[in-house]
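Colleague: I would like to learn how to read a few features of a model, beginning with a pocket and going on to aromatic rings. Could you take me through them one at a time?

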Amino acid sequence: MPGREVLPSTLRRSPEKAQRTWEKTHDSAVETYGEGERAHRAAFAAVKHSFEKVGDHWEPKGRKGPSDRQAEGGGPARRAPTAGGVDANATKDHLMQVAKKLDVPGRSRMTKPELVKAIEKANNRATRKARGD
């Protein structure tokens, strides 16, 4: 199934470049692996290289590169938890800005790992709300 037809709702609310990245990678991965979870994982990995999830959509990152430990080493042989689209490799200052944008309570007292988890939770809430769940 073409990437445009299975484009996740968070990407539908995101910049066109993020959508194109997901679609092209998804379609290529479908040719290689077949339709399914693996093609979707590959497409999201490509998006996470240049974009980070903020609330219910994806925004360009300040720098390109892996967003978390899983993306750094990746591959099916090594399954580390992902940060759900949060750029866990960003600076604490950047994470504080994202947390402020998402109105995360208590952010000024949080450590960097706590900020990543709090932003991930806020993103999930915003996505559920946008989908009407």
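**Reading the pocket and the rings**

Modeller: The second largest pocket is lined by eleven residues, and those nearest its centre are Ala83, Ala88, Pro113, Val116 and Lys117. A pocket here is an open set of points on a 1 Å grid over the protein atoms alone, where a 1.4 Å probe fits, with protein on both sides within 12 Å along at least five of seven lines, and lining residues have an atom within 4 Å of a point. This is a predicted model, in which local features need pLDDT of at least 70 and side-chain atom pairs count only at pLDDT 80 or more, while totals for chains, interfaces and linings use all residues. Residues are numbered from 1 along each chain as its sequence is written, and side-chain values use heavy atoms, with hydrogens and water left out.

Colleague: Which element gives the largest share of the lining of the second largest pocket, and what is the make-up of that lining by class?

Modeller: Rolling a probe the size of a water molecule over the atoms shows where empty space is left. In this case helix 6 (residues 112-131) supplies five residues, the largest share of the lining. By class the lining has five nonpolar, five charged and one polar residue, and the volume of the second largest pocket is about 250 Å³.

Colleague: How many aromatic pairs does a search of the whole structure find?

Modeller: A pair of aromatic rings is described by the distance of the centres and the angle of the planes. The search finds two pairs, one of them being tryptophan 22 with phenylalanine 44, edge-to-face at 6.0 Å centre to centre and 70 degrees between the planes. Rings of Phe, Tyr and Trp (its six-membered ring) pair if their centres lie within 6.5 Å, and planes under 30 degrees apart count as stacked, over 60 as edge-to-face and the rest as tilted. Tryptophan 22 lies in helix 2 (residues 16-33) and phenylalanine 44 in helix 3, so the pair ties together parts that are 22 residues apart in sequence. Trp22 and Phe44 form one aromatic cluster with Trp58.

Colleague: Is tryptophan 22 buried or exposed?

Modeller: Buried means under 20% relative accessible area, exposed over 50%, and partly exposed in between (1.4 Å probe, protein chains only). Tryptophan 22 counts as buried at 0%, whereas phenylalanine 44, at 23%, is partly exposed. Alanine 43, in helix 3 (residues 37-50), is buried at 0% and touches Trp22, Thr25 and His26, not counting residues up to four places away in sequence, where contact means heavy atoms within 4.5 Å.

Methods
Helices (H or I, at least four residues) and strands (E, at least two) are DSSP runs, numbered from the N terminus. Grid points are joined across faces, edges and corners, and a volume is the space filled by probe spheres set on the points. Ala, Val, Leu, Ile, Met, Phe, Trp, Tyr, Cys and Pro count as nonpolar, Asp, Glu, Lys and Arg as charged, and the others, Gly among them, as polar.
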